[in-house]
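Here are a few friendly notes to read beside the model. Please keep the structure open while you go through them.

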Amino acid sequence: MHWKLKAAIQNSVASLPDSLSYATYYWIQRRFGGLKNVNPVGRLQSGLETWQRIVEAGGEPSGKAFFEVGTGRMALAPLAYWLMGAEKTITVDLNPYLKFELIQESLQYMWRNLEEIRGLFGSSLQESRLESLRQLTQGTSFSQDQFLEHCRIQYIAPGDAAKTPLSPGSIDFHTSYQVFEHIPREILAQILAEGNRIIRDQGLFVHHIDYSDHFSHSDSSISAINFLQYSDSQWEKYAGNRYMYMNRLRHDDYLDLFLSAGHRIRADLPDVDPALQTLLKSGKAQLDQRFADKSVDVLSMTGSWIVSGKEG
Ligand SMILES: C[S@@+](CC[C@H](N)C(=O)[O-])C[C@H]1O[C@@H](n2cnc3c(N)ncnc32)[C@H](O)[C@@H]1O
């Protein structure tokens, strides 16, 4: 679908009253979009990769408390943390997007494809936890609350990661996957400040951020930096709604953000797209002045893991 048509549809749906807007958008995603066929593997993998980043940074995630910003529809990263031995996950979302039918379908997929799931987690899997979840959910009726409680997932929605009810020093890992790009910079600064309050001194922040123009995921006629040609006010007209807001911060902006929060960057692992490098070097990519001074290297990064901790 042409991205401008998609943008027009999203803007119209976002202008509906809240409950009608959420229901309509879900219906569209379910009927025509990414929720047509539920496959939990990608989101379970995001939890696994977060876990691996912690281990690579010298952390020990087993038996620890995770905090996730931006649950989304299925709470699958928290499920992955629990399957690998986390004590619990508190997951917070500004919007109550969690859908029990999607959780059920995800679990059904897992039970139909057990070997794939075992292969995904490898030696990180706690087989006894997988088995206990299967006992609870395969072929028997269960509620969303039973699922969440069994997997030690505390779901807070609506809730703001910039202002949580958690006690100081009560979490070990502060995580998100493809969430930060949807939040304005000033709110991200507040989320990191709140993270500094609720995380233990030796805790880690592990965030994966997608820098690409998300319209390029469903419109192959545009590049991953198509949106960088627009001024902020032009871009606001296309994507300034609750479903597609993107802050367009680049890797260097994110590093500044984490440093400004008083963090030491422990690792950053940007993905560089060679096709974007070629496009940028050819001089054919149009860039708004907001991005004109950025290097080709920075502009050709399509996403990154950033792992950081409180300084000192
Ligand atoms: C693109 S979704 C990603 C969801 C999930 N991580 C996934 O991979 O499916 C981004 C989510 O972040 C949530 N969000 C945005 N701002 C937030 C905030 N300040 N606190 C908590 N959640 C927030 C949105 O409501 C949305 O559900």
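1. The structure holds one cavity of 30 Å³ or more; a cavity is a set of points on a 1 Å grid over the protein atoms alone where a 1.4 Å probe fits but cannot get out. The largest cavity has a volume of about 40 Å³, taken as the space filled by probe spheres set on the points.

2. This is a predicted model, with local features needing pLDDT of at least 70, side-chain atom pairs counting only at pLDDT 80 or more, and totals for chains, interfaces and linings using all residues. Residues are numbered from 1 along each chain as its sequence is written, and side-chain values use heavy atoms, without hydrogens and water.

3. Lining the largest cavity are residues including Glu181, Asp210, His214, Arg248 and Tyr254 (lining residues have an atom within 4 Å of a point). The lining divides into five nonpolar, three polar and four charged residues.

4. Helix 3 (residues 41-56) and helix 4 (residues 76-83) pack at about 55 degrees, with axes 7 Å apart. The contact of helix 3 with helix 4 divides into eight nonpolar, three polar and one charged.

5. The axes of helix 1 (residues 3-14) and helix 2 (residues 18-32) come within 8 Å and cross at roughly 150 degrees. That makes helix 1 roughly antiparallel to helix 2. Their contact has five nonpolar, three polar and no charged residues.

Key
On a 1 Å grid over the protein atoms alone, a cavity is a set of points where a 1.4 Å probe fits but cannot get out, and a pocket is an open set with protein on both sides within 12 Å along at least five of seven lines; lining residues have an atom within 4 Å of a point. Ala, Val, Leu, Ile, Met, Phe, Trp, Tyr, Cys and Pro count as nonpolar, Asp, Glu, Lys and Arg as charged, and the others, Gly among them, as polar. Axes are lines fitted to C-alpha atoms, for helices over the stretch in contact, and angles run from 0 to 180 degrees between N-to-C directions. Helices (H or I, at least four residues) and strands (E, at least two) are DSSP runs, numbered from the N terminus. Angles under 35 degrees count as roughly parallel, over 145 as roughly antiparallel, 65 to 115 as roughly perpendicular and the rest as oblique.
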